[in-house]
Amino acid sequence: MASDPKSHTFEEVAKHNKTKDCWLIISGKVYDVTPFMEDHPGGDEVLLSATGKDATNDFEDIGHSDSAREMMDQYLIGEIDMATVPLKRSYVPPKQPSYNPDKTPEFVIKILQFLVPLVILGLAFAVRLYTKEN
């Protein structure tokens, strides 16, 4: 790496979030880990889940070995412009379908528990009337 590392914006780094183009932010530095995706012991999903955010905590929580930390130098491509990093990533929950209690299996069972005895009672009453007339 050159003595004057390139500065990258957060938005620029966040665009590199695919298996064939993956950049990570760790401790204020930007790493292009694309060549390492297949060799990563935790799989490429782990690296992809760390894109689009500061992955320092994710990296430190795992407890990487000294050799893993030394390997990072070969993937270093620059530093992150800390002014462009959002202070806190806002959590946007996934859109869930609205809950409709009238369409659950429990609702159907409750209706059947009510209707089946009524139908049986109605049939018994109809049979009683029919046999009484004959």
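## A loop residue with positive phi

Ser27 sits in the loop that links strand S3 (21–26) to strand S4 (29–32). The model is a predicted one. In it, the phi angle of Ser27 is near 55°, which is a positive value in a residue other than glycine.

Ser27 has a relative accessibility of 48% and counts as partly exposed, because the class called exposed begins over 50%.

## The largest pocket

The volume of the largest pocket is about 460 Å³. Its lining consists of 21 residues, and those closest to the pocket centre are Phe36, His40, Leu47, Phe59 and His64.

Several secondary structure elements contribute to this lining. Strand S3, helix H2 (44–49), helix H3 (56–62) and helix H4 (66–71) each provide at least two residues of the lining of the largest pocket.

The unreviewed UniProt entry carries the annotation "transmembrane region" for residues 107–130. In the predicted model, the chain over residues 107–130 is 100% helix and 0% strand.

## A nonpolar surface patch

Phe114 also belongs to a nonpolar patch on the surface, together with Ile111, Leu115, Leu118 and Leu121. The accessible area of these residues together is about 490 Å².

Key
Residues are numbered from 1 along each chain as its sequence is written. This is a predicted model: local features need pLDDT of at least 70, side-chain atom pairs count only at pLDDT 80 or more; totals for chains, interfaces and linings use all residues. Side-chain values use heavy atoms; hydrogens and water are left out. Patches are made of residues with over 30% relative accessible area and no salt bridge: like charges are joined within 9 Å, nonpolar side chains (Val, Leu, Ile, Met, Phe, Trp, Tyr) within 5 Å. Accessible areas come from the Shrake-Rupley method with a 1.4 Å probe; for residues, only the protein chains shown count as cover. A salt bridge is a side-chain nitrogen of Lys or Arg within 4 Å of a carboxyl oxygen of Asp or Glu. UniProt positions are given in the numbering used here, feature names are shortened, and annotations may be inferred rather than shown by experiment. Helices (H or I, at least four residues) and strands (E, at least two) are DSSP runs, numbered from the N terminus. Buried means under 20% relative accessible area, exposed over 50%, partly exposed in between (1.4 Å probe, protein chains only). On a 1 Å grid over the protein atoms alone, a cavity is a set of points where a 1.4 Å probe fits but cannot get out, and a pocket is an open set with protein on both sides within 12 Å along at least five of seven lines; lining residues have an atom within 4 Å of a point. Grid points are joined across faces, edges and corners, and a volume is the space filled by probe spheres set on the points.
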